[in-house]
Amino acid sequence: MSTDRPDASAADPTTPTPGPSAPSPDPAASGPADTGSPEAEPTPTDSAEAGAEVGDGGPGPEPQTPDAATRPDPEPTPADSAEAGPDAPEAEPAAAPTADGAEPVTADAEPAADGAEPTVGDAQPVDSDTESAAADAQRTDGDAESAVGEADGVGDEGAGKSPAGGETPAVSEAAAELAAQKVERERIARRKAERQAPVEAGGKLSGKAADLLAAVRAVEGGEKPPALYFDDAPAAPRKAVAAAAPPPPRNPEPAAGPTPDAVAAVEAVLARGGAPAALAGAAATALGEDAADLLAEDPWRLLAVAGVRPTQADGFARALLGPDTGPADERRAAALVGWLLEQAALKGHTALEAPTLESALAQYGVPAPAEALERAIGDGAVLVFNEGEEAEAEESEEGEEAGEDAGPVRVLVGLEGYALAEESLADGLARLANGFDTPADWGDGSELIRAAAGHGLVTHTGGEAARAEPRALAAAARELGLRVCLAAHAPAPDAVTTAGLLAGTEGPGRDADGQFALDLLIVLDAPQLDVETAAALVESVPDGARLVLSGDPGVLGSAGPGRVFADVLAARACPQVVSRVPDPGPVGELVSGIGIGELNQVDAPGKEVVIVPVRDAGEAVHRTVQLVAESVPRAFGVPADSVQVITPGHGGSAGTRALNTALKERLNPGPGRFGGFDPGDRVVHVPSPGRAVPATVVSADARGLHLDAAGARIVVPKERVESQVRHGWAVTAHQAVGARWPAVVVVLPGDAAQALSRDWVYTAFGRAERHLSVVHGVDQALAHAVAQVPPKPRTTRLTGLLSALAEAAREKPGE
């Protein structure tokens, strides 16, 4: 590993100096991260120690969290990040309401000056690569590109033209994908409704609220065995229904939006409450055709609109209901329960522990959070689950026989949609795992081939070099005449994308029963599967087919809620093949050490790994441009358009925005005639949450921006360019996951130190094939992150569900 001197005139990887250790730049030179955005919401997973003083006249100011001095960014646009919950279309900015001095109801509005709102999960800048990119998709970026569609903003090919009259536009890939996933979710819901057995991990509780609260408290404290209060789980896996839903069309039509009348009615209610009319469309979409009546009766339902925060909903409620409206209103508490769970989902959780949720409600000034949660459960707004119910019930019986008390049980609360997805996913995985009694004769082969021959569900783990093993499995299966599909998170050779497979735009299509027409599905990049995507995928794999989930467990997790791959591995419900193929070269050696928490010095005689120390963010940008435009192409023969820059966040003086501005000026200067883009610009297209497709701008006309994505032509409508397209010379690690480049420059400015974690560093460094340059300004924070900052935990139920089903299958093998 080489280190360039910080005072070198150019960042030249051919200049060696000893030592891999971090430089010692002046920490004050970079300063704190420039988030430039409102503070993050308080979260159920934050500390509950900070209380809230609430006045009698209204909800009052938002409580101060322990780390309220930090000012995290707002959720950026989808194109801002494919991060842990990447990239969906963003909400439009809106003006602030004026009622009673209420905080502006807008995606970008500054929070009240008296403190940060509590947030779900760790209070980190959403602009950082460690946050969920699903959250990024919900807000308008403060520095969004110039408006698209103006007369002088259209490219040369179509300047002054209007869309062709009478021509029906093709359904976009994003619309097709979302529609297909909606169809799959409907199938899941129908299948769950037709099952005769109760929900395996618990169900909605009914009856008197006091009885329910007593039950939850008794189980939490270990005073009573859970079997007394929770439905017993079935002993065997539930069987799939015989009747299959009709297959979705190959190019499904996008779901219809709200009617103009519904939007107009919502606008009238918003006007009465002093909220901006720009929220009407989103509110009508989220609440349905009766949105106006629902908002008039319960103003806190405005929290269903992405980007609206509790303080803003409180102001809206006071304007509609009167100044005496206070935090004790039951409608407010019910809305907050759902909102907090949605915020938790943006952080990757599919459920939260009941005490954690009660603590968050208390931070928002709810007077009796336990009773509020009790009411929400009793009303069916949320579901309650007893994790490990069967095991604890058995232990309880044994304990009673021995005269001992049962131990405490973790009680989880979740939203129905995520609960349904996790349960359906567990059922589907168990169905596949139990699909074969005897192994098929696939001849002699690798361990992965032998495992897939004898089982319907197999997991495979390994680094980048190990990706050759599932490809070899696919080749062997095709030679046997099997129908094989290889799916990856990002575009890859000989593979379809998971999103395209679900949408029906790629892959084998579906049979008459609506399931994939295949015998073997191999999913690469399995850690990127969120619970809803995985459920839709598994539900579409037919009986008698095989599923192989392959991936590197060390990379960043999925954009959406859940940790599917990690949960399946933890459940040990199927064969697990661990690749022993090491990643080659100095870069592979460095990344392998990071995976086990060690930042080792590696021998890089060919300058495969170079450390470039910098003192501040300005120098980081300068050295990065030199590396991309001059040093790496000269030293390694890698053209500039094959060098990828990766940095922790979008904001700050050395975030993606600043780096892309400098790189465009050097590599492809131009006026940015179409929304800030010119032909030849490197961009990232984000058609839907969790996806970031590298592309190049080809041209622009009245229809939109024309992109080339690895030979595929994409037209992004002009009204979506601002929210779905960003320059792509510099990206975040979440946007880069699943892809690799010949050379990578990882930029670590001083203000990014708090955003680093072991999985982030592992992912970013692992994107390099031949050469890795590290523009290093975080001093010892890099080694600290690798050694002591593991991935953030996610609260999920899949491991328990899958383990219970597997155990039931082992006990009753005949069923």
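Let's start with a sheet: five strands sit in the order β16-β15-β14-β13-β17, forming an open sheet with antiparallel pairing. Its edge strands, each pairing on one side only, are β16 (712-717) and β17 (725-727). From one strand to the next, the twist averages 45°. Here strands pair if DSSP finds at least two bridges between them. Helices (H or I, at least four residues) and strands (E, at least two) are DSSP runs, numbered from the N terminus.

A quick word on what we are looking at. This is a predicted model, in which local features need pLDDT of at least 70 and side-chain atom pairs count only at pLDDT 80 or more, while totals for chains, interfaces and linings use all residues. Residues are numbered from 1 along each chain as its sequence is written, and side-chain values use heavy atoms, with hydrogens and water left out.

Back to that sheet for a moment. β13 (residues 682-685) and β14 (residues 693-701) pair in the antiparallel sense over 4 bridges, and V683 has A695 in β14 as its bridge partner. Next come β15 (residues 704-709) and β16, antiparallel and joined by 6 bridges, with D708 opposite R713 in β16. The hairpin of β15 and β16 has 2 residues between the strands, and A710 in this hairpin takes a positive phi near 55°.

Now the whole chain. The protein chain has 26 helices and 20 strands. Of its 815 residues, 57% count as buried; buried means under 20% relative accessible area, exposed means over 50%, and partly exposed lies in between (1.4 Å probe, protein chains only). Among contacts with a separation of 6 or more, 78% come from residues 24 or more positions apart, where contact means heavy atoms within 4.5 Å.

Let's move to another set of strands. How many of the residues of β9 are buried? In β9 (residues 546-551), 6 of 6 residues are buried, and the strand is mostly covered. R546, V548 and S550 point one way from β9, L547, L549 and G551 point the other way, and all are buried. As a general point, side chains in a regular strand alternate between the two faces of the sheet.

Which strands pair with β9? One is β5 (residues 457-461), which runs parallel to β9 and is joined to it by 5 bridges; here T459 stands opposite L549. Another is β8 (residues 520-523), which pairs with β9 in the parallel sense over 4 bridges, and L521 has L547 as its bridge partner in β9. From β8 the chain crosses through helix α17 (residues 531-539) to β9, and this β-α-β crossover is right-handed. Right-handed means that, with the strands pointing away from the viewer, the path from the first strand over the helix to the second runs clockwise.

On to a pair of helices. The axes of α5 (residues 260-272) and α8 (residues 310-321) come within 8 Å and cross at roughly 90°. That makes α5 roughly perpendicular to α8. Axes are lines fitted to C-alpha atoms, for helices over the stretch in contact, and angles run from 0 to 180 degrees between N-to-C directions. Under 35 degrees counts as roughly parallel, over 145 as roughly antiparallel, 65 to 115 as roughly perpendicular and the rest as oblique. At the contact, V269, L270 and R272 in α5 meet F316, A319 and L320 in α8.

In α19 (residues 585-595), the buried residues include V587, L590, V591 and I594. The buried residues of α19 pack against β11 (609-613), α24 (758-765), β20 (768-776) and α25 (781-788). α24 is largely enclosed by the rest of the structure, because 7 of its 8 residues are buried. Among those buried residues of α24 are W760, Y762 and F765.

Finally, some backbone angles. Most residues other than glycine have a negative phi. R572 is not a glycine, yet has a positive phi of about 50°. R572 sits in the loop between α18 (564-571) and β10 (576-578), and R572 is exposed, with a relative accessible area of 63%. K607, also not a glycine, has a positive phi of about 60°. Is K607 buried or exposed? K607, found in the loop between α19 and β11, is buried, with a relative accessible area of 14%.
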